[in-house]
Amino acid sequence: MTPWEAVAVFVAGVCAGGVNTVVGSGTLITFPVLLATGLSPVTATVSNALGLVPGAVSGAFGYRKELRGQRRRILKLGVGALLGGFTGATLLLALPASAFERIVPVVVGLALVLVAFQPLITRRLRRRRASAAVGAPGPDDRAPGPDDRAPGRGDGGPLLFVGMALASVYGGYFAAAQGIIYMSLMGVLLDETLQRLTAVKNVLVAVVNTVAATFFLFVADFDWTAVALIAVGSALGGQLGAVVGRRFSPVVLRALIVTIGTVALVQLLLR
């Protein structure tokens with residue numbers, strides 16, 4: 001790796017760490033740069049996965065205030081992220097690259113639709129839950145009041161767990177737009193602010209990256225120069241992303257997710 005290539009990889013790591021903390025899709029910044037330095041796709045993927053671990057941890061630490069009160073949710077979803085990340089890492093080495101990448105644009109596109117229409121979908125789900133809760137008369141034939149309405153599940157139920165686990169399989173395999181997929185699923189199935197969901201997303205991404213990277217350590221070859229440069233850069237970028245990202249309003253954050261996700265989708269389609 002030449003000095004200029006090393007600088008490019010480090011800068012890509014900083015950008016990826018910041019983008020991953022706020023939105024996701026940082027891999028679409030680092031992966032092409034690693035390929036441009038002459039690394040094979042598999043070596044670039046595993047080196048990138050290990051290098052982005054410090055960035056994911058840094059981003060999660062930067063959002064620690066928004067994590068308060070979400071321990072139970074994180075523990076539950078973290079189990080799915082752990083299992084999914086390990087499965088995805090295994091698939092990377094067991095399957096040809098084309099086998100899984102065929103569905104990547106479809107997954108990313110669906111996630112973008114969910115993010116863009118999340119407010120509308122959430123309002124309709126709330127009305128349906130409220131209607132179902134108050135629609136039937138009580139045993140004493142009285143009209144149900146506000147206290148009779150059953151609130152939505154705080155953990156998203158089995159649907160969110162399965163969806164996040166499958167998204168983690170994808171994250172362990174390639175990771176591009178993994179954070180956007182997480183945000184789309186949680187945004188629809190959880191009644192939370194985008195900032196608090198971003199905090200959960202950062203923890204789950206850290207879990208998946210760590211599991212996948214640990215698995216790769218035993219079975220794959222790394223470019224350790226690339227790993228070190230991305231690790232330092234992404235850790236710095238993670239802190240910068242946390243400072244900037246929490247200042248965004250829900251509308252701006254959602255627009256940013258859709259914009260970056262669209263760029264990611266176009267890049268995937270053109271590959």
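This is a predicted model: local features need pLDDT of at least 70, side-chain atom pairs count only at pLDDT 80 or more; totals for chains, interfaces and linings use all residues.

Trainee: What describes two packed helices?

Mentor: Two packed helices are described by the angle between their axes and the distance between the axes. Helices are DSSP runs (H or I, at least four residues) numbered from the N terminus, and their axes are lines fitted to C-alpha atoms over the stretch in contact, with angles from 0 to 180 degrees between N-to-C directions. Here, the axes of helix α3 (residues 41-51) and helix α11 (residues 194-219) come within 8 Å and cross at roughly 130°. α3 and α11 are therefore oblique to each other, the term for whatever is left when angles under 35 degrees count as roughly parallel, over 145 as roughly antiparallel and 65 to 115 as roughly perpendicular.

Trainee: Which residues of α3 and α11 meet?

Mentor: Contact means heavy atoms within 4.5 Å, and V46, A49 and L50 in α3 meet N209, A213, F216 and L217 in α11. The residues of this contact of α3 with α11 divide into six nonpolar, one polar and no charged.

Trainee: At what angle do α10 and α11 pack?

Mentor: Helix α10 (residues 178-189) packs with α11 at an angle of about 135°, their axes being 9 Å apart. That angle makes α10 oblique to α11. Among the residues making the contact are Y182, M183 and M186 of α10, together with L197, L204 and N209 of α11. The contact of α10 with α11 divides into nine nonpolar, five polar and one charged.

Trainee: How many residues of α3 are buried?

Mentor: Buried means under 20% relative accessible area, exposed means over 50%, and partly exposed lies in between (1.4 Å probe, protein chains only). Nine of the eleven residues of α3 are buried, so α3 is largely enclosed by the rest of the structure. The buried residues of α3 include V46, A49 and L50, and what covers the buried residues of α3 includes α2 (27-36), α4 (53-62) and α11.

Trainee: Where does T262 lie?

Mentor: T262 lies in helix α13 (residues 250-270), and at 36% relative accessibility T262 counts as partly exposed. The C-alpha atoms of T262 and L112 are separated by 7.4 Å, although the two residues are 150 residues apart along the chain.

Technical notes:
Residues are numbered from 1 along each chain as its sequence is written. Side-chain values use heavy atoms; hydrogens and water are left out. Helices (H or I, at least four residues) and strands (E, at least two) are DSSP runs, numbered from the N terminus. Ala, Val, Leu, Ile, Met, Phe, Trp, Tyr, Cys and Pro count as nonpolar, Asp, Glu, Lys and Arg as charged, and the others, Gly among them, as polar.
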